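Please keep the viewer open as you read, and take the points in order.

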Amino acid sequence: MNPQKIYILGIESSCDDTSAAILCNGKVLSNVVASQKIHEQYGGVVPELASRAHQQNIVLVIDQAIKQANIEKKDITAIAFTSGPGLMGSLLVGTSFAKSLSLALDIPLIDVNHMQAHILAHFIEEDEFDKPEFPFLAMTISGGHTQIVKVTDYFDMEIIGETIDDAVGEAFDKSGKILGLPYPGGPLIDKYAQIGNPKAFPFPKPKVGELNFSFSGLKTAVLYFIQKKVKENPNFIEENRNDICASLQYTIINILIDKLKKASKESGIKRIAIGGGVSANSGIRKALKDGEQKYGWKTFVPKFEYTTDNAAMIAIVGHLKYLNKDFTDMNVVAKARMKF
Ligand code: KG4
Ligand code: ZN
């Protein structure tokens, strides 16, 4: 085999997506994601059911990833897996599998921080996508996190702002639940928002200091607003769904962009990247692009399939760590909470 070729198997199982990917020298050969539908009926991820589903999916998903990449198990150079943060039971499935496979194949094992991976997804080799130069600001917006991170180098990251309560994805999903939408509400709110009036209903913006965020008040405001309106008119949600979604999304985007403006001004950094599931949102993507004209930003938005949880982003971190010979060993354990 050509020694110049580094094949990394990435494994992601931190929440409710079981994913495996093969990268060759940083280029994606396969990226298989099995999303767990089971949680839809519960209005949120049920941890116990998530770990069981990972157990059922993991062998199949890894097998598919290897097949689609057109390689064999013996070609894999190293295995990268998410060791945290995330749901403990879910993380354990990927961690145990990765450890066993690395032992069986006798190849290096690399542990990956999920939040770092959302940021480093920008370094996946893609012909039509620019990579951000250092330093840049990364806003990670997902179902579990909302952070602004100053990225000085691949593995030199500093959190300069974060949510003090709910994550932005939770604001979307919990509001979606109030509106009677299935879980996760985020993508559906995005869809309805595109044909609604963003100025129809004013929702309050939180007053939270520095570069931090707060989204729990917004969710409560949506709840009280809907309860009041439905009392007056039981069909209020159906009759105004697009406008409610557009107004809510408009408020959330303003909250995010305001803090990015502040972070950019204070740090003097105009290169801005986003990552995490919520960066799939069409409104935030547009608002960020508009920032290029308005504030002189250079913005970086990941390819759609690398925004929500996926193993390609885990594998690119694996690739970068492999180049540094930064390996872990059999003593590695999954961690529900984790800093950079
Ligand atoms: O990164 P991710 O897949 O998982 C976590 O690490 O949390 O993010 C999932 C979150 C969910 O809250 C989902 O509603 C949200 O990303 N999301 C969206 C969109 N697509 C996914 N939120 C708003 N608009 C979207 N288009
Ligand atoms: Zn994530």
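What spacing do the donors of the zinc ion (ligand 2) follow along the chain?

1. They follow H-x3-H-x190-D. Please keep in mind from the start that this is a predicted model. The residues behind that pattern are His-114 and His-118, each through NE2, and Asp-309 through OD, and they coordinate the zinc ion at 2.0 to 2.2 Å.

2. Now turn to ligand 1, which sits in the largest pocket. There are 19 residues around ligand 1, and those that come nearest are Gly-143, Asp-173, Asp-190, Gly-277 and Asn-281. Sorted by class, the shell comprises eleven polar, five nonpolar and three charged residues.

3. Asp-173 has a polar side-chain atom 2.6 Å from an oxygen atom of ligand 1. In the side chain of Asn-281, an N or O atom is 3.0 Å from a nitrogen atom of ligand 1. As for cover, ligand 1 on its own has 560 Å² of accessible area, and the protein covers 90% of it.

4. Which helices each supply at least two residues of the shell around ligand 1? Look for helix 3 (114-120), helix 4 (168-178) and helix 5 (185-193).

5. Next, the backbone has two cis peptide bonds to look up. One runs from Gly-84 to Pro-85, with omega near -10 degrees, and Pro-85 is placed in the loop between strand 4 (78-84) and helix 2 (88-105). Another joins Tyr-183 and Pro-184, where omega is about -10 degrees. Pro-184 is in the loop between helix 4 and helix 5, two helices that also contribute to the shell around ligand 1.

6. One last stop is Glu-210, in the loop between helix 5 and helix 6 (216-232). Although Glu-210 is not a glycine, its phi is positive, at about 50 degrees.

Note on methods
Residues numbered from 1 in each chain as written. Chains lettered and ligands numbered in written order. Predicted model: local features only at pLDDT ≥ 70, side-chain atom pairs only at ≥ 80, totals over all residues. Heavy atoms only, no water. Near = heavy atom within 4 Å. Polar contact = N/O pair within 3.5 Å; in protein donor to acceptor, adjacent residues only side chain to side chain. Areas by Shrake-Rupley, 256 points an atom, 1.4 Å probe, with all protein chains shown as cover. 1 Å grid on protein atoms, 1.4 Å probe; cavity = no way out; pocket = protein on both sides within 12 Å on 5 of 7 lines; lining within 4 Å. Sits in = over half its atoms within 2 Å of the grid points. Helix = DSSP H or I, 4+ residues; strand = E, 2+ residues; numbered from the N terminus. Nonpolar A, V, L, I, M, F, W, Y, C, P; charged D, E, K, R; others polar. Donors = N, O, S within 2.8 Å, 3.2 Å for Na, K, Ca; no water.
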